[in-house]
Amino acid sequence: MGFVRIVRVHIENFRGIRLADLHFDGTTVLLGDNNTGKSTVFEAIELAIGADRLARAQAIDEHDFHGGRYLAAEDQPAPKIVAEVVVAGLDQQLCDRFRNNIEFWRHADRTLIGPGGANYITTPDVEPAVRIRFEGAYDPDGDEFTAKTWFAVPRTDDGTPTSECRSSDKREFGFLHLRALRTGSRALSMERGSLLDVILKTYEVRTRMWETLLHQLRNLDVVGASDPEFGKILTAIQDAMREIVPGEWADAPHLRVSELTREDLRRVLKSFLATGVPGYAAPFQHQGSGTINALVLAMLGLIAERRKGRVIFAMEEPELSLPPHVQQRVVDKVRGLASQALFTSHSPYVIEQFQPEQMTVLQRDPTALLQASAVVLPPSLRLKIFRDGFRTRFCEALLARRVLVVKGKTEFVAYSTVARRAAELAPGQYKRLDSLGWVPFDAGGETNVASFAGFFRSVGKTVATIFDQQTPEAAAVIQLASDRAFEQPYAGFEDLLRAEISPAMHKWFVQWLAHQNEWPPALQNLLPPADSPDAVYAAPFLALFRVRTH
């Protein structure tokens, strides 16, 4: 409490999301497989509180509606896109500005108390908030898409909101959506919503260059009689025109920059930066990624400084094109500048900087209902173990759609390798685990399989387990924690290898390792003579796996 931030987002019928309700408690990183809806969540927030989103020529189009369905079915209301955002932590200045629109947010049960809830304001977990609602629809009469944002209160008796939320209102929340590829390439442009445009508006600078530049361009003769070759063509056109229309109307055509508007200029104007070559500068987006990232961070700092920290940054995949140590520095910098920072990421170097309670895992079910699950560590999983193994074990599983929990390192490597080899040999019959969306997870011991399976199911993953032969009671616990459980009929993985692999392959593998000088020195005494029968190689073969797995 006490700082401006988004606490709830409600989405309906927007792109790949049919319905979603998400809650945020300060800085958060959204995790999930590709096409889960992470970027769509940020886009929905921008529809509601992005100061310049609705200033675009068309805020939404056909493809923004879930399933592309924007026309009303027979006897059904027209589909609507809805994005509703609750912003809490309003300071006194914002409370004064939005005094007619204020509701109250209660943290204990994550609910809104209506305008009449001012009596609760002295309760420690209740604070003033505003709810902004975006609605987009298709208007068949005008053959156009409409987009409006409103404060949820006040409303008329029939429930219609009466207070429009304008760009100047939204700018007070300081929300800025930093897209992975687009933010840097547009940072120093004059396009609406670029960082330079945001800074100018934040510092209340009204540039006067537009009128001056347009006047200069209208009088700029780009190509005319001064170009002899081109002039011949223009003169011929002029003579032909005078045969048709009065002579004073048939002046020779000139090429001039006369049709440009302010919006055209916004799109084409670019800032140039020095390149290191004396006397030569290039458009800023042609600079190296390090320069562009430094530029973006510097500009974000200017915005945050002017707004005294009252900013909400939503940043997509800060890891793109950056080495690990720079990824971490960018994230730390953005978090330090903002009153709230929201991220998406697929990088373990980024994600490991967040506490488990700051991680939200997204998953979309077959009906396009977006499910958001907070990462809550089970009592059996200590934070130190979670953090120590995050890059190598937990991160990939949290980003996947399906998790295969196995006992240990041998199984972790073996099942992936077998699946990959089977897919190579019979691609029409078998698939790799990763191509099916499965990520193996090393539980670090048989007794951990059930607890880790339950943990990954709690964050919305589909979980399968493969485990050695168990007592009926132990097997039942694992099965209860899994979506699918497979108990192999052997006491251990080594027993499976002994029973399922032929003696000839035992011999070939042992001899191949010895020939490659990969045979462990500690097992040198177990190597049989070269002419030994196949069956003799079972003992060194199994001993090898016991050494390799300890």
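In this predicted model, ring pairs join Phe 386, Phe 390, Phe 394, Phe 441, Phe 452, Phe 455 and Phe 456 into a cluster. When the whole structure is searched, 20 aromatic pairs are found. One of them is formed by Phe 65 and Phe 145, whose ring centres lie 5.8 Å apart and whose planes meet at 40°, so this pair is classed as tilted. The pair links distant parts of the chain, since Phe 65 belongs to the loop between helix H1 (38-49) and strand E4 (81-88), while Phe 145 belongs to strand E8 (residues 144-151), 80 residues apart. Because buried means under 20% relative accessible area, Phe 65 counts as buried at 1%, and Phe 145 is buried as well, with a value of 16%.

Arg 5 lies over the face of Phe 3, at 4.6 Å from the ring centre, and Arg 335 is placed over the face of Phe 354, at 4.7 Å from the ring centre.

At least two lining residues each come from helix H14 (409-425), strand E20 (462-467), helix H17 (493-500), helix H18 (503-515) and helix H19 (538-548), and H14 supplies the largest share, with 11 residues. Sorted by class, the lining of the largest pocket contains 20 nonpolar, three polar and five charged residues.

Notes: Residues numbered from 1 in each chain as written. Predicted model: local features only at pLDDT ≥ 70, side-chain atom pairs only at ≥ 80, totals over all residues. Heavy atoms only, no water. Helix = DSSP H or I, 4+ residues; strand = E, 2+ residues; numbered from the N terminus. Nonpolar A, V, L, I, M, F, W, Y, C, P; charged D, E, K, R; others polar. Phe/Tyr/Trp six-rings, centres within 6.5 Å; stacked < 30°, edge-to-face > 60°. Buried < 20%, exposed > 50% of the residue type's maximum accessible area, 1.4 Å probe, protein only. Lys NZ or Arg CZ within 6 Å of the ring centre and 35° of its normal.
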